[in-house]
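Subject: Structure handover

Hello,

Here is the structure I said I would pass on. My notes follow below it.

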Amino acid sequence: MLKQSLSTAGISHTDIILQAGEQTKSLSHLERVIDALLDQKIERGTSLIALGGGVIGDLTGFTAAITLRGIDFIQIPTTLLSQVDSSVGGKTGINTRFGKNLIGSFYQPRMVLADITSLESLPPREMLAGYAEVVKYGLINDEPLFDWLENNGHAICCGDLALRQSAVLTSCRAKAAIVSEDEREGGVRALLNLGHTFGHAIEASKNYKGILHGEAISVGMNIASAISADQGYLTHDEYCNIEDMLLNMQMPTMIPKKITSASIMKHIGHDKKKISGKNRFILLDKIGNAFINDKLDNKYLKEISKNFIR
Ligand SMILES: NC(=O)c1ccc[n+]([C@@H]2O[C@H](COP(=O)([O-])OP(=O)(O)OC[C@H]3O[C@@H](n4cnc5c(N)ncnc54)[C@H](O)[C@@H]3O)[C@@H](O)[C@H]2O)c1
Ligand SMILES: [Zn+2]
């Protein structure tokens, strides 16, 4: 359909099809895509269109950032996660054997075009994984959004188009507002990492297999909320509210079996958010207000993680 529309509009185009999966965000695929583009004799005025999920968006964005020293690109995200999160904000990149997203750049797309009807073919598990990032915006700075999601989460995930559109719009606005204040994550953008310290450690402990990013983030948000309550920032009732909302949507709240607290701590040790070796954690002091905390030591985090291993 995209190709047809481009042809109808008289825009010449060609496509490069890439395999689904995280392994596509690699140096070898980057090289393959750049070779294909140069082989087509692209010019500075050529634009790339990323049609797909976050994997395609991140790889295409990074390709656009470095090919011919930078060409325009457009995001057309087709997963809920990419519509509400990865297509907005300009983080682009690929993975290395040392970890995820370790090569990349901040490079903004010229346009993000999220067509929510493209989500109709998305498997429910992928839908729920994207939904975790929507919940995150509510927890970070939008309590009314959290309340609205408590009532409408099922309908959003089951395909109510009006509600889904509203969820995507609200999420994009929330992310755009934060990123325009702090594009390079010097301050407030770090709040978007709520749930991501434990989340990334869980993904890495499973070698990025058998768990989706949003599933790991759901567990991470539950743990961050539990820590917030344990540290006295969040009331116990509010924590229960958050856990109930995740459970009610059948989103994961516990670290998967076979992951050890030692493995979690090893990966938390590699967290990109660390500053001068200190853990930087995003906590909540209420539903709808996140803040950065650097006072949690490894011993405490290890004990907490044990409580969340099945
Ligand atoms: N740049 C950022 O700010 C940012 C933020 C969050 C996540 N990410 C990155 O995004 C990636 C995850 O993105 P994702 O969850 O979209 O995963 P993905 O791109 O791997 O897509 C998930 C699966 O859905 C399939 N798919 C895509 N659109 C579909 C559709 N409309 N119908 C049916 N199937 C469809 C894909 O082929 C794939 O199998 C990770 O690499 C993560 O690091 C980037
Ligand atoms: Zn995320």
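The notes cover the metal site, then the site of the other ligand. Please keep in mind that this is a predicted model.

Metal site

The zinc ion (ligand 2) is held by E133 through OE, and by H196 and H213, each through NE2, at 2.0 to 2.1 Å. Along the sequence these donor residues follow the spacing E-x62-H-x16-H. E133 sits in helix α5 (residues 124-141) and H196 in helix α8 (residues 196-205), so this pair ties together parts that are 63 residues apart in sequence. E133 has a relative accessible area of 0% and is buried. H196 also counts as buried, because its relative accessibility is 5%, and the limit for buried is under 20%.

Ligand 1

Ligand 1 is surrounded by 20 residues, and the closest are G54, T78, T79, S118 and S121. By class, this shell has eight charged, eight polar and four nonpolar residues. Three elements, α3 (54-66), α4 (80-86) and β4 (99-106), each supply at least two residues of the shell.

Polar contacts to nitrogen atoms of ligand 1 come from several residues. For S121, a polar side-chain atom lies 2.7 Å from a nitrogen atom of the ligand. K91 contributes a backbone N or O atom, 2.8 Å from a ligand nitrogen. In D58, an N or O atom of the side chain is 2.9 Å from a nitrogen atom of ligand 1. Taken alone, ligand 1 exposes 870 Å², of which the protein buries 78%.

Regards

Technical notes:
Residues are numbered from 1 along each chain as its sequence is written. Chains are lettered from A and ligands numbered from 1 in the order in which they are written. This is a predicted model: local features need pLDDT of at least 70, side-chain atom pairs count only at pLDDT 80 or more; totals for chains, interfaces and linings use all residues. Side-chain values use heavy atoms; hydrogens and water are left out. Donors are N, O and S atoms within 2.8 Å of the metal (3.2 Å for Na, K and Ca); water is not among the atoms, so sites may look incomplete. Helices (H or I, at least four residues) and strands (E, at least two) are DSSP runs, numbered from the N terminus. Buried means under 20% relative accessible area, exposed over 50%, partly exposed in between (1.4 Å probe, protein chains only). A residue is near a molecule or strand if one of its heavy atoms lies within 4 Å of it. A polar contact is a pair of N or O atoms within 3.5 Å; within protein, one must be able to donate a hydrogen and the other to accept it, and residues adjacent in sequence count only if both atoms are side-chain atoms. Accessible areas come from the Shrake-Rupley method with a 1.4 Å probe; for residues, only the protein chains shown count as cover. Ala, Val, Leu, Ile, Met, Phe, Trp, Tyr, Cys and Pro count as nonpolar, Asp, Glu, Lys and Arg as charged, and the others, Gly among them, as polar.
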